[in-house]
Amino acid sequence: MNWKLIFEFLLTLVSFKFCESLSLDAEINQNIQSFGIPQDVPNVLKRFYFNWSRKDSCLSEKLKSFEVQVKKSKHPRYEFRTQIIQKSKFIKAELWIEFHGLNYGIIEKIKKRKYVIDIKPDDSRMNAISLQCSTTVANRNLAEMSFDITGFYSSLKKLRRKSMKVWIHLRRRKVSRVTREFRGTSVKAFVVLHEKYKDCKEHPVERGSHARQSLPFHSQKSIFIKLNEKKTNRTGISRKVKREAKYKLVQDFCSLKDWQPSFEDIGFDQMIIAPSSASINICTGECINFKDHVTNHAVIRRVFAIFGEGPKTCCAPVEYGSMMLVLYDSVEDIYIAAQYSDMIVKSCGCY
């Protein structure tokens with residue numbers, strides 16, 4: 001067995017995944033720097049976006065996130081100031097704490113250890129609580145920890161305050177020693193709100209029954225003969241119809257074409273952080289073939305349009321797909337990662 005080839009293959013695979021993740025981070029961070037938003041997109045939103053882009057499937061929730069101000073960063077005690085969003089109907093709230101500038105050798109140890117934070121609010125109406133870390137993500141020189149603060153944040157909303165100062169004490173579970181592994185690191189914190197999202201659907205456009213019983217029109221020539229006989233009382237195809245059909249046949253048929261607009265061109269880059277551009281496709285072409293017509297109504301319209309007795313049928317989307325967007329709400333100063341349906345055209349037909 002050639003271990004050298006196996007090692008090179010694994011190294012290439014890891015490098016590919018690493019570079020793919022970095023390119024996504026670079027795309028989001030580049031858009032942030034372009035219009036100077038005073039905070040960073042948390043990595044949890046980047047992973048949410050990245051996981052969807054790989055699976056391309058429906059997600060039943062959307063994420064809202066905002067940065068928590070870290071006032072006094074003196075390990076292991078920190079002073080956080082968080083805003084309180086009253087309008088959010090969240091089903092789960094998380095506090096994500098990021099530690100930047102870690103030593104590479106300590107990463108594996110951090111993944112195995114259990115951490116706890118003690119939260120003491122700056123309000124006598126609320127009691128101090130302790131929360132255990134639910135998720136730890138560590139790679140390179142960065143470690144991220146998430147804590148479930150659903151109950152705590154719900155209590156904050158009831159106080160009807162716009163913001164709250166809290167003190168955070170980070171420690172290891174069942175160990176009294178100080179967490180020295182995080183000394184000298186820069187700390188960032190984010191609150192991530194999970195909300196139910198019902199706009200996730202992959203469906204054809206409901207403009208008629210797609211499982212229809214087709215009208216018995218097997219060719220355009222048969223229609224030309226039958227309707228032309230009734231209209232002009234003569235057999236065969238008229239010269240006018242022949243000329244029109246010949247001209248139309250050289251045009252493009254109704255089909256799906258690639259279309260990749262840039263949100264920057266219309267000024268939407270101030271709101272849409274990622275993607276900076278997207279291939280959402282477009283339907284163009286002439287509605288000539290009867291097989292392209294989605295409904296029986298469209299077939300009848302096509303028949304009468306040939307003889308100038310009605311409006312022409314139009315090439316339009318039949319089926320849509322969804323797309324994940326990372327948005328920035330400048331009013332509430334929050335990021336939103338959500339999947340929006342009916343964004344990408346998947347197939348076309350004639351109506």
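Helices (H or I, at least four residues) and strands (E, at least two) are DSSP runs, numbered from the N terminus. On that basis the protein has seven helices and 14 strands. This is a predicted model, in which local features need pLDDT of at least 70 and side-chain atom pairs count only at pLDDT 80 or more, while totals for chains, interfaces and linings use all residues. Residues are numbered from 1 along each chain as its sequence is written, and side-chain values use heavy atoms, with hydrogens and water left out.

Confidence comes next. The mean pLDDT (the predictor's confidence in each residue, from 0 to 100) is 76 for the protein, and 70% of its residues reach 70 or more.

Of the 351 residues in the protein, 43% are buried; buried means under 20% relative accessible area, exposed over 50%, and partly exposed in between (1.4 Å probe, protein chains only). Among contacts between residues at least 6 apart in sequence, 75% join residues at least 24 apart.

Leaving aside residues up to four places away in sequence, Leu 256 touches Asn 281, Ile 282, Val 345, Lys 346 and Cys 348.

The loop between β10 (255–257) and β11 (272–274) contains Ile 266. This residue is exposed, at 56% relative accessible area.

Helix α4 (residues 150–158) has Phe 152, Tyr 153, Leu 156 and Lys 157 as its buried residues. Why do the buried residues of α4 line one face of the helix? Seen down the axis, they fall within an arc of 145° (taken from the directions from the helix axis to the C-beta atoms), so they line one face. An α-helix has 3.6 residues a turn, so residues three or four places apart point the same way. Just after α4, Arg 160 takes a positive phi of about 60°.

Technical notes:
Contact means heavy atoms within 4.5 Å.
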